[in-house]
Amino acid sequence: MTSDNTAGSGVNNAAPRATHVAAVDASRRPRVLIIGGGFAGLHAARGLGRLPVEVTVVDRRNHHTFQPLLYQVALAVLSPANIAQPIRSILRSMPNVEVLMDEAVGFDLERQRVTMKSGAQMEYDYLMLATGATHSYFGHEEWAPLAPGLKTVEDATEIRRRVLLAFELAERQMLETGSHPPLNFVVIGGGPTGVELAGAICDIAKLYMRHDFRHIDPSKARVILVEGGPRILAAYPEDLSKKAVAQLTDLGVEVHTGTVVTDVRPGSVVAGGRTLPAVVTLWAAGVAASPLGKLLGVPTDKRGCVLVDEHLNPAGHPEVFVCGDLAHVEENGRQIPGVAQPAMQMGDHVARMIGEDLDGKPRTRFHYFDKGDMATIGRLAAVAKVEWPFKAHWGGFPAWLTWLVVHIYFLIGFRNRIAVLFEWGWTYFTFTHGARLITGSQTLPGWSEQQGVQSPPHQDPLDASSPGVRDHEHHTEDARIAP
């Protein structure tokens with residue numbers, strides 16, 4: 001990984017900011033090191049694939065994940081292969097781009113080197129850091145095993161395991177004892193991810209699994225969305241927040257705003273001074289920047305995002321670009337959101353700026369072209385803030401259809417688009433899912449703490465005349481949250 005000629009040995013530190021590449025050894029092509037194979041990293045690599053540079057893309061996983069559809073893997077609508085594709089496959093047509101499966105653990109900005117987890121030292125002329133974000137439990141890391149978040153394919157399959165396992169354990173408990181605990185699913189956080197998870201749980205419980213069980217009624221499951229702020233989808237206009245609440249309520253989701261979670265326990269959540277029983281708790285309340293941002297040794301904000309200028313550079317380092325969720329970029333006095341759309345644009349812009357350096361031209365500043373935001377809520381339900389090619393606030397079927405078209409369009413890989421379109425069509429018309437697989441452990445955190453899990457004495461578990469079998473709805477109404 002390390003050559004005899006260090007990347008920074010020929011760099012004149014006094015060189016003008018916009019002509020950094022002019023100081024690079026002219027006998028070789030500039031080396032661009034991209035850390036992170038997400039939206040920003042891939043868009044940059046694709047743009048650089050047409051330039052006279054050598055590009056290395058490093059990611060700790062071998063695949064790119066289309067994160068906006070992760071919740072559909074988590075709720076068994078799609079399989080992981082539908083939304084993920086090997087990074088090598090995506091970039092294989094670009095001979096000047098290589099891909100390494102490794103992880104950055106340290107930076108030497110003066111010598112322009114990155115230390116990898118494997119022990120390798122990688123040199124660069126340009127460094128792009130785009131490693132995204134992770135979960136933030138606001139100082140309560142002990143909640144993480146009890147309330148998983150959703151950022152990776154592994155997170156999605158774990159959530160899928162827990163949600164599906166809750167129904168399976170309830171079926172078994174009903175058969176063995178004649179009763180089962182309330183099937184309460186608590187989603188913490190009313191942002192787009194929380195709204196999507198809550199709506200999708202309602203969909204699979206009330207539509208897609210209603211005929212699959214013999215001893216329980218999945219449609220009696222309760223989905224509780226807890227938001228500490230005054231409204232859900234706080235980043236959206238207020239009218240869209242109201243439309244989202246109305247659609248969630250129609251699906252059967254119980255929305256509780258202004259309710260702060262103070263504790264997450266095995267089998268329950270303490271929120272707003274009340275203890276809510278929960279067979280599954282999901283976390284969608286906060287994100288923090290990748291810890292690599294702080295390892296750079298440059299200024300960061302309170303979430304760990306790197307403060308960058310209009311060229312996406314941290315102060316004093318024109319050879320370093322920080323993009324996506326990891327970058328704190330402000331425009332017109334507001335921070336650009338850490339979602340897929342600006343990440344793609346940042347990646348494209350980095351490639352253009354390096355091209356400008358190669359041509360000896362001054363760099364252009366980054367400008368975020370906001371086309372709008374969308375959040376899906378459930379079957380035929382969504383909200384959309386359209387900013388381009390016209391301005392509109394949509395809810396319901398028009399928003400859902402727009403969301404579907406946009407996400408199919410941006411899915412990477414022709415095979416993925418066809419597969420997802422087929423899965424959605426099949427699910428829509430047949431009310432079935434093809435990815436309802438439970439893998440890994442068959443234990444559910446907090447299940448033993450649920451009311452009614454222990455077998456009552458002197459009861460025939462197969463007696464269909466027992467009160468629990470005849471009227472299990474009674475058990476699902478226990479401990480209802482007061483308005």
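Predicted model: local features only at pLDDT ≥ 70, side-chain atom pairs only at ≥ 80, totals over all residues.
Colleague: Why are α1 and α9 called roughly parallel?

Modeller: Helix α1 (residues 39–48) and helix α9 (residues 340–358) pack at an angle of about 30°. Angles under 35 degrees count as roughly parallel, so α1 and α9 get that label. Their axes are 7 Å apart, and α1 passes α9 in a right-handed crossing.

Colleague: Which residues in α1 and α9 meet?

Modeller: On the α1 side you have F39, A40, H43, A44, G47 and L48, and they meet A340, A343, M344, G347, D348, A351 and I354 in α9. Sorted by type, the residues of this contact come to 9 nonpolar, 3 polar and 1 charged.

Colleague: What makes α6 mostly covered?

Modeller: Buried means under 20% relative accessible area, and 13 of the 17 residues in α6 are buried.

Colleague: And how do you know that the span of helix α6 (residues 192–208) agrees with its 17 residues?

Modeller: At 1.5 Å a residue α6 should span 24 Å, and its end C-alpha atoms are 22 Å apart, so the two agree.

Colleague: What about F138, buried or exposed?

Modeller: F138 lies in the loop between β10 and α5. Exposed means over 50%, and F138 is at 56% relative accessibility, so it counts as exposed.

Conventions
Residues numbered from 1 in each chain as written. Heavy atoms only, no water. Axes fitted to C-alpha atoms, helices over the stretch in contact; angles between N-to-C directions. Helix = DSSP H or I, 4+ residues; strand = E, 2+ residues; numbered from the N terminus. Parallel < 35°, antiparallel > 145°, perpendicular 65-115°, else oblique. Left-handed = near helix turned anticlockwise from the far one by under 90°. Contact = heavy atoms within 4.5 Å. Nonpolar A, V, L, I, M, F, W, Y, C, P; charged D, E, K, R; others polar. Expected span 1.5 Å × (residues − 1). Buried < 20%, exposed > 50% of the residue type's maximum accessible area, 1.4 Å probe, protein only.
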